[in-house]
Amino acid sequence: MKYLLIFFTLAASTLVYSQDAKVVLTQGHTDQINSIDVSPNERWMASGSNNKIVKIWDIPSSREFTTLGPNDGRINTLKFTPDNKLIAALINHGTIKVWDFVTNELVVEVPAESNANGIEFSDDSKWMYYLNEDGYATRVKLQNESQGEVLSDQYAYHLNKIPNTNKLTLLDHKGKLHILDIETKEKNTLTLFDEFNFPFCASKISPSGKYFYSGFNDDNVHIFDLSTGKKKWSIPVSSKIQGVHFDEENKLVYITVHGKKLQIFNLETETFKTLEENETFSPTHFKVFHDNEILATVHMKEIIFYNLKDLQPIKK
């Protein structure tokens, strides 16, 4: 909490306050931001954009810490390791790079499926799991000159790790979710859909490991029970879904949709709250953190922070 208070109250050179005193992170990117992530200890924030660079922001000082790049393409996905020491970036031309962002050392570079979703790490931060250029689940040791080891020849376009296990989920293009044991290579297959229906945004697994969820082509957020593959909840949304976050404890689902709004659906009351602004409000990417209290939203080249208790921008 101490770091966050400093981050949101100091007016350092990398924070700019708009006329209504909202905290806006504006420096460093000259093009659309495509991905953000917050380190597990909430000390660091990463942002990656079309201008082919990754920025690491130091939360205690509210300043840019370092720049990684330029790279060979736009940054599609970012992910911190569990030990908060490394950052991985999926680059659009088909490469994943992993850096020690304190030293700027490139630790690993591997070919990858550029349109795939999913970078994951072992709990001890020694291994990275990803989809290689053929769309196969692969792991690589996070040390120099490591080569990827294919774990499965099952084509997939979404990969996730089930928390606190040695299992990955692999979603294929036929509506089947394959649960892969990393060590034994055994698979258990769940049929989520009987017909073609694919996610429009990144798929995720809830912190408890009980639920798999995403926003799908049929304009619904579907949340599945991972033990059975059965739908637990379906939330109809009026337009293309761009991002989803499931607050499992409070039974809240955060959804960004095409049309410049963020909706929060309460699974217990089955009601929506909507966060909307003017025509410049476009939260295409977002991150919920700090015990589901802080929302960081991407607005083109800016990141704006909201307090989720009252859905108001965090002020100076």
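Trainee: Which residue in strand 21 is the bridge partner of Phe-212?

Mentor: Strands are DSSP runs of E with at least two residues, numbered from the N terminus, and two strands pair if DSSP finds at least two bridges between them. In this predicted model, where local features need pLDDT of at least 70, side-chain atom pairs count only at pLDDT 80 or more, and totals for chains, interfaces and linings use all residues, the partner of Phe-212 in strand 21 is Phe-224. Residues are numbered from 1 along each chain as its sequence is written, and side-chain values use heavy atoms, with hydrogens and water left out.

Trainee: How many bridges join strand 20 to strand 21, and what lies in the turn?

Mentor: Strand 20 (residues 211–215) runs antiparallel to strand 21, and five bridges join them; the two form a hairpin with four residues between them, in which Asp-219 has a positive phi of about 60 degrees.

Trainee: Which residue of strand 22 is the bridge partner of Phe-224?

Mentor: That partner is Lys-231, and strand 22 (residues 231–236) is joined antiparallel to strand 21 by five bridges. In this hairpin, with five residues between the strands, Gly-229 takes a positive phi near 80 degrees.

Trainee: How many residues of strand 21 are buried?

Mentor: Buried means under 20% relative accessible area, exposed over 50%, and partly exposed in between, with a 1.4 Å probe and protein chains only. Five of the six residues of strand 21 (residues 220–225) are buried, so this strand is largely enclosed by the rest of the structure.
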